[in-house]
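Subject: Model for you, with notes on aromatic contacts

Hi,

Here is the structure we talked about. My notes on its aromatic contacts follow below.

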Amino acid sequence: MSTVGDGPAEPNARAEPFESRRVVVFLLVAFGLAAATALAVSLTGGLTDSPPVAFGLPLWLVLVSTCYMFSPSVANVVTRLVTGEGWANLRIRPAFRSNLGTYLLAWLVPGLVVAVGAALFFALLPAYFDPDATALRGVLPPGASLELVLVAQVAQGLVLGATVNTVFAFGEEFGWRGYLLQKFLPLGPRRAVLLLGVVWGAWHWPLIALGYNYGFGYPGAPWTGFLAMVWMTTAVGVFLAWVALRADSVWPAALGHGMFNAFAGLGSIFAAAGAPSLLGPTAVGAVVVVPWVVVAGVLVVRSPAFEA
């Protein structure tokens, strides 16, 4: 019998029946809290006129980084309480020593793939490439070395992504990869990760409707933004599910998610004005996501973690 809260998955877990009631409760809580938070943001000035609160941070940022981002974790807890599921198999044991390679991949791969995606964006749309990083140079002190600033940015991303960002990403991953993925596995591992990717993307839609990620000035807004987000979350979600399943822990997914967020704006450093937000150069742009699609395809087809 596993230890409450951090034990390994039970044998033959994938042979268990699909628990539709628990899935429905989870989705109602996660999506309901997210939608309520987005409504509160909309009613208090949106993303542009939100009043400052603690430490001068805008209210929208505080609400999104707490109530919105942690709504999947809240859904995990509420679902267990409402349905009487209990607290076994929370998958919060890090299992770091036995999964060092998995953690290393979760730490390094997201930044690398985002960089490749940004390079692809500029290769396909060279008109938006600014090799002089004019926008960044404009805020640097006279004589500052752009190269050193870029190295510092990468170093900062590697540190903050693995610390602060991972803590906030846990708010999502404790729900998505720590709970809902497990409930989808009886449908088949490959179907489970793809379905979860769609759900994860749809959960972002209220924020996208407010102008987050893509703004408003792109063709077909906000509907094409909805589709682009699902494209991203499905591709990236495969990698996050893979590291979570390999370690049977939510923490590698939280780390990978945190690193993705840390490097999400990397391409913007070299972007010229007017770059099409729907396509790039940030990590949620449809073109920048293409290398993630390749990674996801290889994992889904070749990884034993996704075998039925």
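The structure holds 19 aromatic pairs. Rings of Phe, Tyr and Trp (its six-membered ring) pair if their centres lie within 6.5 Å; planes under 30 degrees apart count as stacked, over 60 as edge-to-face and the rest as tilted.

A caution on the source: this is a predicted model, where local features need pLDDT of at least 70, side-chain atom pairs count only at pLDDT 80 or more, and totals for chains, interfaces and linings use all residues. Residues are numbered from 1 along each chain as its sequence is written, and side-chain values use heavy atoms, with hydrogens and water left out.

One of the pairs is phenylalanine 170 with tryptophan 251: ring centres 4.6 Å apart, planes at 20°, so stacked. This pair links distant parts of the chain, 81 residues apart. Phenylalanine 170 is in helix α7 (residues 164-173) and tryptophan 251 in helix α12 (residues 251-262). Helices here are DSSP runs (H or I, at least four residues), numbered from the N terminus. Phenylalanine 170 is buried at 17% relative accessible area; tryptophan 251 is partly exposed at 26%. The cut-offs are under 20% for buried, over 50% for exposed, and partly exposed in between (1.4 Å probe, protein chains only).

Tyrosine 214 and tyrosine 218 have ring centres 5.9 Å apart and planes at 65°, so they are edge-to-face. Tyrosine 214 is buried at 4%, and tyrosine 218 is buried at 7%.

Phe26, Tyr68, Trp176, Tyr179 and Trp203 form one aromatic cluster.

Best wishes

Methods:
Helices (H or I, at least four residues) and strands (E, at least two) are DSSP runs, numbered from the N terminus.
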